[in-house]
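Please open the structure in your viewer and keep the selection tool at hand.

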Amino acid sequence: MQESNTLKYPYEDHPKPGTTMELAPGVRWLTMPMPGSLAHINLYLLEDKRGWYVVDTGIGNAETAELWHEIFRKELGGKPVIGVICTHMHPDHIGQSAMITEEFRCALHMTRAEYYQARSFANSGGSHHSSWLGQSFYTKAGMPDDYVEQLQKMWTQRSSEGMSMPTMPSGYERLEDGQVLTIGDHDWQIVVGSGHSPEHACLYCASLKIMISGDQILPIITSNVSVHPTEPNANPLKEWMDSHDRFLSTPDDTFVLPAHNLPFYGVRERLRGLISHHDDRMLAIEEACVAPQIAKDLLPVLFARELDPRQMMMALGEAIAHVHLLIHRNRIDRELHEDGRYRFRSIDPDLDRRAHPGQHDAPTDGPVMV
Ligand SMILES: [Zn+2]
């Protein structure tokens, strides 16, 4: 979503491809290209006495690898990369992790859930979407019988764009919540969030007042929070909302370095905005479900335009994530009908008092692919 807010952005533009920009002593920013409307991913370099740590790596295509080699030649002051830190397992973050760790024979640092999920998806591609689990998941959500075939074609296309899961380094160093990495003169604390991915690592430096937030906190777009066929009864939006509550203790003068959009100030305002955005979407769904609904028919409540098969997958995943948190809060119930599709129905007797139809945020244009 593009929403207006009063966050402060000290930099108007991203660094040019193949260059870096210093944001604080020992902290440099670079961007790599991304397909589609997102255009870039932001990556960061942290300077140690012996060399550099890379935070996130870009997608696994030849163009990004070439840009990295330009950075290695021109921007590292003759020092090597001594570690790769990946915030989470999505392809734009881990795509070059094998290339860089091979090139410098340095360690990959990730949380355990992210590393192993990346390795398992790297070995199976998108196939879980077309398995019987995928068929069952999408049928229950009200999708047509040929939808999994449409998805299969889409995955083939995505692979050709470099957005498939890359081969991962064969080992890693584990990051854990609360752990401190000393890099150069600064301590970086690992702060784990969840919901967008299972065990997403952010890095917080109190002395520099900087947080590298990955996709956990983005200033403009809202990260995708989806239920997938691999875990059809997951409740990722609960984890996402719980994480936001936790991150609200981040000092308000923190300079946030996100993976997409621009670095910004205003972390608490952004978190409050995201919490109220999801609360509003859930209330709109409750109002829609006064008459029982299938998941597919909830999409217009959340998204304004026609969606292609991949956008549909993200949008459905998000709609179901919102419904699952409502079920957890005992505000919606779910029943499997004879036609094989779930019906969702509002059951909170207090809904009349809370409802304000016609006053919700406008549906978002479409789901964002991060
Ligand atoms: Zn992501």
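Begin by selecting strands E14 and E15, which form a hairpin with five residues between them. In the turn, Gly340 has a positive phi of about 85 degrees. This is a predicted model, in which local features need pLDDT of at least 70 and side-chain atom pairs count only at pLDDT 80 or more, while totals for chains, interfaces and linings use all residues. Residues are numbered from 1 along each chain as its sequence is written.

Strands (E, at least two residues) and helices (H or I, at least four) are DSSP runs, numbered from the N terminus. Two strands pair if DSSP finds at least two bridges between them. E14 (residues 332-336) and E15 (residues 342-346) run antiparallel and are joined by five bridges. Select Ile332: its bridge partner in E15 is Ser346.

Step back to Asn330, which lies just after helix H10 and takes a positive phi of about 65 degrees. Now select H10 itself, residues 309-328. The expected span of a helix is 1.5 Å times one less than its number of residues. For the 20 residues of H10 this gives 28 Å, and the end C-alpha atoms are 28 Å apart, which agrees.

The contact (C-beta atoms, placed from the backbone, within 7 Å) involves Arg281, Met282, Ile285 and Glu286 of H8, and His322, Val323, Leu325 and Leu326 of H10.

Next, select the open sheet of seven strands, ordered E1-E2-E3-E4-E5-E6-E7 with mixed pairing. Strands E1 (21-24) and E7 (173-175) stand at the edges with a single partner strand each, so one side of each is left without a neighbour in the sheet. Within this sheet, E2 (residues 27-33) and E3 (residues 40-47) pair in the antiparallel sense over seven bridges.

Finally, select Val54, which touches Leu43, Leu45, Val81, Val84, Ile85 and Ile100, not counting residues up to four places away in sequence.

Definitions and conventions
Two residues are in contact if their C-beta atoms, placed from the backbone, lie within 7 Å.
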